[in-house]
Amino acid sequence: MTTISLDNLPPAHGHGEIDNTPENPRHRATLVTGHADFHAVTEKICGVAEAARPPKAWYVAFGISFLLLNVLGAMIGYLFFTGVGVWNLNRPVCWAFDITNFVFWVGIGHAGTLISAILFLFRQKWRTGINRFAEAMTIFAVVCAGTFPGIHIGRPWLAYWLAPYPNQMGTWPNFFSPLLWDVFAVSTYATVSVLFWYMGMVPDLATFRDRATTKVRYYVYGVLSLGWRGANRHWHVYERAYLLLAALATPLVLSVHSVVSFDFAVSQVPGWHTTIFPPYFVAGAIFSGFAMVITLALPARHLFGLKDFITPRHLDNMAKIILVTGSMVGYAYLMEFFIAWYGQNPYEQFHFLNREFGPWRVAGWIMFSCNAIVPQCFWFKKCRSNPWILFTLCILVNVGMWFERFVIIALGLHRDFLPSNWGSYYPSYVEVLTLLGSFGLFCTLFLLFCRYLPMVAMAEIKSVLPQAHAGHAGDRASGGASQETVAAAH
Amino acid sequence: MSSIKPHGKGRTYWRSLEQVADTPQFKEFLEKEFPAHASEWMGASRRGFLKIMAASFALAGLTSCRRWPVEKVAEYAHRPVNRTPGVPVHYATSMEIGGIGQGLVATSYDGRPIKVEGNLTHPLNLGATDAYAQASVLSVYDPDRARGVLKRNESRGRGGDGPGAAPDVSWTAATGNDLAAVLKDIPADGAGLVVLSEASGGPSVADMKARLLKARPGTQWFEYEAVSNDASRAGTVLAFGQPYRVVPNLDKAAVIVSIDADLFNSDATAVKFSRDFANGRRLFAAPEAAGAQPESAAVSPMSRFYAVESTFTTTGACSDHRLPVKPSVVPAILHALAQELHLANLSIPAKVLTPAIGDRGEKFVKAVAAELLANKGRGVLVAGPRQPAEVHALVALLNDALGNNGHTVTYYADPDATRPTHSAALAKLVDLIDAKSVKTLVILGGNPVFDAPGDLHFGQALAKVPLSIHLAQHQDETSALCQWHVAQSHYLEAWGDTRTFDGTIAIVQPLIEPLFDSKSAIEVLALLANDTQTKGYDIVRRALQAAGVDTEWKWKQSLFDGVVKGSTWAPATPVLKDQASSAIIDPVAKLADAAGTGGEFEITFFASPALYDGRFANNGWLQEMPDPMTRLTWDNAAVLNPQTAAALGVVADDLVTVEANGQKIDLPAFLLPGQPEGVIGVALGYGHTTMGQIAGGVGHNVYPLRSSNGLPWAPAKLSKAGGRYKLATVQDHHIIDTVGKQAYKVRVDEDIIKERTYADWKKPANESKKVVALSLFDEHKFNGRVDGQKPDEVPAHDMHKWGMAIDLTSCTGCSACVVACQAENNIPIVGKEQVLHGREMHWLRVDRYFKAPEHKFPEDVAAAEVEGVHQVVICMHCEMAPCEEVCPVGATTHSQEGLNMMTYNRCIGTRYCSNNCPYKVRRFNFFDYNAGDKNNLYTPNLLRPELNELQKMQKNPEVTVRMRGVMEKCTYCVQRIENTRIVAKREGDRPIADGEIQTACQQVCPTQAIVFGDLNDPASKVTKLQQQNRVYGLLDDTLNTKPRTQYLEKIRNPNEALA
């Protein structure tokens, strides 16, 4: 296997980047640009975490995020001490921002595990550039997601009753309820994702430890790296475990959002009660997850100088996945309309008419245009490669996907069966600030991650460097392959 | 460690634990008991020992997470006779509105009245009540009630009675003695003493009035009620020469014609009217024969109901044919009807009235006339208080001419034949004050400053009276202008008596000592009259002597029954005055000439179904009870036809300026399909400036727009005022888009409200087809048996399958059930803000839908084409309940008897059950509504003031008071089921009889539209009803929820001639 020579590549669009997107059937595209060798990779990535000071923009971003995080805390405190009524939920709209945010964040959390597990199993080597922070993003998104079901209940101090713990009253949760399935699905997903992320990070943490210049770093990274020495046996066990976890996580990618979609599909609310929901939700989740990865990757690669690792090809690939999943989502939308017409259920028919022509048609159209039409732009190369266009489109996709959940949840509820129950809903300031605050939580965690943990999987990325494959050109034994290349062979 | 050897004699005491632990005996015991661990113990120090002890205690705590057996202590060493703690007692009592008494049975828990029911023996109630009576219990515990005797500080801040004029008064606490000292100055002959009383029919007040007039002959007595049937009384004076009380018997009538009457709401006699009406339209011979099969010989012909009305009311919604017109056109219709009847004994000058009444009106009149002629003696015309005396007189004349008197109309001679009408009385009082001949004015109840017609300027007059005393439950607008305020006792606190529509006397029996230092009207009168008897009890006993309650036994019997036997009046047979015909017809002809000439708009006033004339304004249950037609809470509005509003460019919630009788008021517009074009309908009783926290600032006071000129309506000017005002309606607030309107129409017409005509229903072939969904599974039998149990192994009191039937044909939408449910089940009020958010807590709601001819929306058609229909919706107790499956903690489950149960303790509040309930009957406590006052909901709990102790007293101890974050809903009054079951069990495991358990809504329903019972009992009323061919389950065909509550189709009986 050879990689094409970097020298043959044209510079991309005047950003000083190398355009590694063109396909040449004779060569594999290079995945790390900028003449990096193993040492340079280590220097570069460790440099982010070891720099005395992060870039100024980091401080600004962290300041804003931390402020929003405090807003979140204040809003939750107010909620806990007062009641769910501080949100503008009502009868019939008993869920709105709360569950919308939950599903939105869970959806965001899909890209990371998909990248790390499914792409790993499919031997998509380009994942190495983005998998680490996509996984981090997943975990932080799941943290945000997990917050909402916990705080949205009427008596949050009793949330532990959702757990099937043995107790003297002999009471168990109701295993028929999709909300309980949610508890299991999301907690399993969170556990596996954290394990996967952390385990993948161990070799890199060991690198951090080895390079530590202060006692604190030495001990903290020392503890975190779990005694990793880079021994052959370590690598062997690590690779096996990684593969197993990937195999374990892969079905979870599909199951979590399927289960989340059961919250709706299992009920009988028109617009919720739809068998298309599981695949539709999974596609939507991957769609929104990748949009979020790009949204974060674009500023991060710029800010921390990671353009050699997160290359235009990565962005291009991700944009293509967005195109595919976006088209699936668009298909699902159209299929919902078709089935509503074909199924001749008047309540369902009304729901879809109401979605596009009722009092909240704006939300309905935002959802449709952002999720079904906007991703179609990615047919065009320019949209996939120009960072500004890419960023804008990904933001639109994120907005659209938030609205999708809102439309399904709130619009489904606000006009169900009996017209006497029809109502309306608009968010209170507490709900809006809680949503913003959840972004604060997410960004705070993400920024801390960027600052203190290896943002790019060093060990893995070394495996896709041309040097790692030096031995492949000729005699496998004479390659002088390092430990890392052994690892990369897997 | 040393140990002190025990002394040789006496008992052994140890000074400390280590002392005993160190004895050889103990060590030996330890060795035997725990050979392996004895050595560990031996080294135990004092600290070590304590550590182990502490650990054992802690572990013991861990292992003992269980319910300890409850140990009961006897509360009373000597239990009072006839009193078991915690077991409610029931007393008969009575409540009076506008001089008409209702017979009630009040339930008292440990001395606290918490619920009233209708008295089964009282002729008005027969077991049911209206919403006012249901809510009256709450007023006992109203923290805003006036307390004691108060004297106003003489820094008179204000005068006048303009709307919104904020009172600026301060009060000083005084005593009854202070007041007595002031009253001493009244001249002994009563010169200059005027009493202004509420209408009161009871013998005690009449007796005290006579005594006062005897003691102080110069006293003048006036009676004022803002809402009354005075027009009817005056009408009988015009027709018969003296006043009579007119009582239509709707159950005996085959044809009922309502002339702008509001029969089923806002009327003191509404309970009787509702019941009679429903009985006359029941599809069975009698309510108790509900099990009879339809269309057998037993089926009574259904009465036909025509309604002419000037504002859309429940009466119109119940009618078979409705003619909505401007109020001034009603006399023209009546005149045309009289003309059309061509009665031999009645000559009516010919007159062409079509321009005023229109083609529709003419057709209507012709059809009604034909029906009335065909049913002579079996028809009845009823006029309401929104029409003047002249119209009532003609109605009396027509009833007489058609031979209805004595059959479908009963007359009773008015006991107080000489009194002027209420507005005339008040006008005269103002004249007297202006003439400075009033020195002392005693106002017994009522709030005339608030509810007097605007042109009288009663407030300004009152301010001029040298000494004014107001007896009232609240310090209201009238109190603010009086020098003295005396707190009035609630009827559950004081002795009294009432007379109902037919004269039957009921004793007002107190259930509780007055909570505050308050007096009843008769006690104040006793003070004024220097009477020897000053206690309410003595006054009532003395007054009732004359009514035949002369022995102790009779008194006790009357108290027990709640009514005084033999006190019912004999019906009168009034005779028309000579030449009455023309004298009666001419004034109506004159009114008919003026029909609709007053301008583009007319305003008509109706007593609020919630607040009546405003006296219940500080009652939260009634403020939050949605108006049956507009479904407004916490407000009144200018009710307009949507097309009328559209012509003015007015949309819902716009402020409009209404000008009538020279007064101007800005009101929010409410658009009601079916409201007659050009009519502004406004509910009275709102807009108090001072009365209490609940009443203050709610709605707008429209009394100033009224006039004392005898015409209940007025020509009005209507214009857009600019500005908006949010109205808290609980239904249809957001349906402005065509998509929504279309779906609304299709659903209401096809799925939700099933409706047929009587003729259609009678055809045996036309049975409604019930969709039966087959199941793959063995379904629950609900036969009371656990798996493997044989029928005879199940105790009789346990084999139930509870169900309910709601008859849409009978339901008038009066909403008494809403308040009854609230009272029974400790349902909190949430306030206007929360209602705007859609968070009202009523477990039972009365949905109101409109129907319009095919392919048209109710908003777009002529008012006359709109039909209204009401549907009571509560938890359906679905056998396949969508709510139960989705609760993650299993807080809502199904009982063996098919109740859909809610375990509040277990609920964590995910609200998924509400989302999945297709009927949306579940209610969520978004805040701690029960814990404090509704104005501080957005304040964190710790900072929120606690609920007043007084308000806590009202709660029904049988029902859990729910906390924040918990879902709640109708339980079929499970507390009543269980109580009855306990009784049945105790009485030898006997079966529970049909009708023994009544849900609160069923019990209060005047029309018996709600029937609850056991579906396992083939003979029960509910089973028979659910076997009828017109039964349907709401949304059952769509969702297969198998609701236990089934509806009986609405059957209307339209006239084919008008089709």
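Colleague: How many helices and strands does chain B have?

Modeller: In this predicted model, chain B has 33 helices and 38 strands. Of its 1059 residues, 60% count as buried.

Colleague: What makes R91(A) a buried residue?

Modeller: Its relative accessible area is 9%, and buried means under 20%, so R91(A) is called buried. It is found in the loop between α2 and α3 (97-108) of chain A.

Colleague: How do you know that E840(B) and R91(A) meet in a salt bridge?

Modeller: The rule asks for a side-chain nitrogen of Lys or Arg within 4 Å of a carboxyl oxygen of Asp or Glu. Here the N to O distance between the side chains is 2.8 Å, so the pair meets the rule. Across the interface of chain A and chain B, the rule finds four salt bridges.

Colleague: What makes the approach of K920(B) to R91(A) a polar contact?

Modeller: The backbone oxygen of K920(B) lies 3.3 Å from a polar atom of the R91(A) side chain, and the limit for such a pair is 3.5 Å. Within chain A, the side chain of R91(A) also makes a polar contact with the side chain of N421(A), at 3.4 Å. Leaving aside neighbours within four places in sequence, the residues in contact with R91(A) include G838(B), R845(B) and S914(B).

Colleague: How much area do chain A and chain B bury between them?

Modeller: About 5300 Å², with 56% of it on carbon and sulfur atoms. In chain A, the residues that lose the most area to chain B are R91(A), R155(A) and L418(A), together 14% of what that side buries. The contact takes 65 residues from chain A and 67 residues from chain B.

Colleague: Which helix gives the largest share of the side of chain A that touches chain B?

Modeller: There are 41 residue pairs in polar contact across this interface. On the chain A side, α2 (56-82), α6 (178-210), α8 (232-265) and α11 (346-357) each supply at least two residues. The largest share, six residues, comes from α11(A). That side divides into 40 nonpolar, 19 polar and six charged residues.

Colleague: What does the salt bridge of E371(B) with R304(B) tie together?

Modeller: The closest N and O atoms of E371(B) and R304(B) are 3.0 Å apart. E371(B) lies in helix α12 (residues 354-374) and R304(B) in strand β10 (residues 304-309) of chain B, so the pair ties together parts that are 67 residues apart in sequence. E371(B) is buried, as is R304(B). Salt bridges that share partners also join K115(B), E117(B), E824(B) and R976(B) into one network.

Colleague: What makes you say that helix α17 of chain B is mostly covered?

Modeller: Seven of the eight residues in α17(B), residues 521-528, are buried. Among them are I522(B), E523(B) and L525(B). Just after α17(B), N530(B) takes a positive phi of about 50°.

Conventions:
Residues numbered from 1 in each chain as written. Chains lettered and ligands numbered in written order. Predicted model: local features only at pLDDT ≥ 70, side-chain atom pairs only at ≥ 80, totals over all residues. Heavy atoms only, no water. Buried < 20%, exposed > 50% of the residue type's maximum accessible area, 1.4 Å probe, protein only. Helix = DSSP H or I, 4+ residues; strand = E, 2+ residues; numbered from the N terminus. Contact = heavy atoms within 4.5 Å. Buried area = accessible area lost by both parts, 1.4 Å probe. Polar contact = N/O pair within 3.5 Å; in protein donor to acceptor, adjacent residues only side chain to side chain. Nonpolar A, V, L, I, M, F, W, Y, C, P; charged D, E, K, R; others polar.
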